[in-house]
Amino acid sequence: MKKNYDQILLNLLEKHQNNGEVPKVLLHSCCAPCSSYVIEYLSKYCDLTILYYNPNISPIDEYEKRKREQRRLIEEIPKVHELNMIDCDYDNDLYEDAIKGLENEPERGNRCSVCFRLRLEKTAKMAKDNSYDYFGTTLTVSPYKNSSLINEIGLELEKQYGISFLISDFKKRNGYKRSIELSREYELYRQDYCGCKYSRRDN
């Protein structure tokens, strides 16, 4: 039976809220448009720190453009609880080493799985080292991403690093649609490819 990741998340958040708790979440974000709805939703329940860690993005000008939009959104979007951002250094060579041999994989193939794990593992390590309650990602808001796979990777890393993974399927409840509405509202730059040069090639 397929897990309802969205309902699992809602139950968890409501439990914290009913107990008067505001959990600290380190949330990996791929870009401002995808994070817009997720921030709007999670900030009602959590203290959020957005981790901008995306060594897959190429070229560097594109990376910097997306990072600027992420920072601007965080500054402008209404906040219920604390909202911060951690900006990691650009390291495209690390990504290229990680996916070596998978350059010709199609989009949504094994190369993407490696990319998900690379970014989620960084998030898990930082969350553990800095005493967050959860680590998570905005990636599940996209209808083009495999939410089951992302959650499976996250739960594996939860066991490996001893830090709770925030299960999610943010595309539910019209999350993706809301992210498009918010992108228009804040006039966010919406890229036309996922991030790496291979996704741009195959676009």
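What radius of gyration does the protein have, with 203 residues, and why does this value agree with a compact globule? In this predicted model, local features need pLDDT of at least 70 and side-chain atom pairs count only at pLDDT 80 or more, whereas totals for chains, interfaces and linings use all residues. Residues are numbered from 1 along each chain as its sequence is written, and side-chain values use heavy atoms, without hydrogens and water.

The radius of gyration, taken over C-alpha atoms, is 16 Å, which agrees with a compact globule because such a globule of 203 residues would have a value near 17 Å. The globule rule is 2.2 Å times the number of residues to the power 0.38. Along the principal axes, the C-alpha trace spans about 50 × 40 × 35 Å.

The protein contains 8 helices and 5 strands, assigned as DSSP runs (helices: H or I, at least four residues; strands: E, at least two) and numbered from the N terminus. From that terminus on, the order of elements is α-β-α-β-α-β-α-α-β-α-β-α-α.

Of the 203 residues, 51% count as buried, where buried means under 20% relative accessible area, exposed over 50% and partly exposed in between (1.4 Å probe, protein chains only). Contacts are defined by heavy atoms within 4.5 Å; among those between residues at least 6 apart in sequence, 76% join residues at least 24 apart.

Serine 131 lies in the loop between α5 (110-129) and β4 (134-137). Serine 131 counts as exposed because its relative accessibility is 57%. The C-alpha atom of serine 131 is separated by 9.7 Å from that of leucine 26, although the two residues are 105 residues apart along the chain.
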